Amino acid sequence: MSGMEMKYKFNEGETIKQIQRYVDKTYEKHYAYGDYQATDVIFDNGHGEGFCIGNIIKYAMRYGKKNGHNQADLLKIIHYAIMAIHLKDIQDD
């Protein structure tokens, strides 16, 4: 669709923008020593995939229970999935 705007059926374009806003905000809130975050320690020790999958499961099971149908839980699931994709991509390089 070069030169044309994609017409999404499920408002994916706006949802992707919302995901990016959410991810951007998480970088302001992480516990870190300088630029090194706790997640970096987990990933550097080879536990990244399990950490991501575990958090995806946690937030999927929590959705609809804690704080109701909290959209933040869905955004966390997506964010952890993005991190898992990143880990897979660097592993494949």
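Let me begin with a term: by a contact I mean heavy atoms within 4.5 Å. With that in hand, and keeping in mind that what we have here is a predicted model, I can say that residues 24 or more positions apart account for 50% of the contacts in the protein chain with a separation of 6 or more.

Let me turn to the overall layout. The protein chain has four helices and two strands, and, read from the N terminus, the order of these elements is α-β-β-α-α-α. The radius of gyration comes to 16 Å, whereas the globule rule gives 12 Å for 93 residues, so the chain is more spread out than a compact globule. Taken along the principal axes, the box filled by the C-alpha atoms is roughly 45 × 40 × 25 Å, and of the 93 residues in the chain, 23% are buried.

Which residues make up the largest nonpolar core? There are nine of them, namely F43, C52, I56, Y59, I77, Y80, M83, A84 and L87. Helices α3, spanning 48-62, and α4, spanning 71-92, each contribute at least two residues to this core, and α4 gives the most, with five. If we take L87 as one member of that set and leave aside its neighbours within four places in sequence, the residues in contact with L87 are F43, G48, E49 and C52.

Staying with helix α4, I would like to draw attention to D73, which lies in that helix. Is D73 buried or exposed? Its relative accessible area is 0%, and since the cut-off for buried is under 20%, D73 is buried. Again leaving aside neighbours within four places in sequence, D73 is in contact with Y59, R62, Y63 and K66, and Y59, as I said, is also one of the residues of the largest nonpolar core.

Finally, a word on the second largest pocket, whose volume is about 190 Å³.

Key. Residues numbered from 1 in each chain as written. Predicted model: local features only at pLDDT ≥ 70, side-chain atom pairs only at ≥ 80, totals over all residues. Heavy atoms only, no water. Core = buried A, V, L, I, M, F, W, Y, C linked by side-chain atoms within 4.5 Å. Buried < 20%, exposed > 50% of the residue type's maximum accessible area, 1.4 Å probe, protein only. 1 Å grid on protein atoms, 1.4 Å probe; cavity = no way out; pocket = protein on both sides within 12 Å on 5 of 7 lines; lining within 4 Å. Points joined across faces, edges and corners; volume = space filled by probe spheres on them. Rg over C-alpha atoms; globule rule 2.2 N^0.38 Å.
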